[in-house]
Amino acid sequence: MSITQNLNQIKSNIPEHVTLVAVSKTKPIEALQEAYDAGQRIFGENKIQEMTQKWEVLPKDIKWHMIGNLQRNKVKYMAEYVSLIHGVESCKLLQEINKQALKHNRIINCLLQIKIAQEDTKAGMTIDKAKEILLSEELLSLKNIKITGLMGMASFTENQDQVNTEFNYLTTSFNKLKEIKTNNCELKKISMGMSGDYKLAINCGSTMVRVGSSIFGVRNYNI
Ligand SMILES: *Cc1c(COP(=O)(O)O)cnc(C)c1O
């Protein structure tokens, strides 16, 4: 199946209120262009340098989402154009994003990453930590960022019950935290679900899925 066919198939499985982020990391420009020509406008990348190279050559109405672990010293390279940063894990990172956004006179939208997986390898903060950040005086002073939702990654396991539990935990956390509304915090999005589990994620309340290999094919990291 072609990229266009894959995209159309996935879109037909996704309800209207769910945003599809096409995860294009490691894929060449031509692959992204094909998805663009098929109507896709939101792309997710996990390396700032790679995303910036793609942003430079592809049409400017694309919305670029950063979905990877972030190095603070590289935030400056995407501050001019990034549309949403999914994996924010600390207040220090929020400060840096704010500082770089200010230089471009922009407000950058961010999602806080919550740890929902049992595994130690999956990143994220506790819900208590997220609450602490959302209620902090410090956040109010960061006028060039906006926290617009939560993001989570489930365990890499065949055990659907476990994944289901983890996704439900994120939705429950979201429902608690969304009561908090300030000038730069309004939780609207739950980013969860990838190629293997996006349907389950949507059933559990996801409103933003990050799908890569089901659109672009498996990634080859050796080329
Ligand atoms: C790579 C990646 C995805 C997409 O994974 P697929 O299994 O290829 O759909 C989603 N989210 C994050 C954070 C990723 O790094």
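1. Helix 1 (residues 3–13) packs against helix 2 (residues 29–37) at an angle of about 50 degrees, and their axes are 9 Å apart. That angle makes helix 1 oblique to helix 2; angles under 35 degrees count as roughly parallel, over 145 as roughly antiparallel, 65 to 115 as roughly perpendicular and the rest as oblique. The crossing of the two is right-handed.

2. On the helix 1 side, Ile3, Thr4 and Leu7 make this contact, and on the helix 2 side Ala31, Glu34 and Ala35 (contact means heavy atoms within 4.5 Å). By class, the contact of helix 1 with helix 2 has four nonpolar residues, one polar and one charged.

3. A word on the basis: this is a predicted model, where local features need pLDDT of at least 70, side-chain atom pairs count only at pLDDT 80 or more, and totals for chains, interfaces and linings use all residues. Residues are numbered from 1 along each chain as its sequence is written, and side-chain values use heavy atoms, with hydrogens and water left out.

4. Now to helix 5 (residues 127–135) and helix 7 (residues 160–177), which pack at an angle of about 25 degrees with their axes 11 Å apart. Helix 5 is therefore roughly parallel to helix 7. Their crossing is right-handed.

5. Here Ile127, Ala130, Lys131 and Leu134 of helix 5 meet Tyr169, Ser173, Lys176 and Leu177 of helix 7. The residues of this contact divide into five nonpolar, one polar and two charged.

Conventions. Axes fitted to C-alpha atoms, helices over the stretch in contact; angles between N-to-C directions. Helix = DSSP H or I, 4+ residues; strand = E, 2+ residues; numbered from the N terminus. Left-handed = near helix turned anticlockwise from the far one by under 90°. Nonpolar A, V, L, I, M, F, W, Y, C, P; charged D, E, K, R; others polar.
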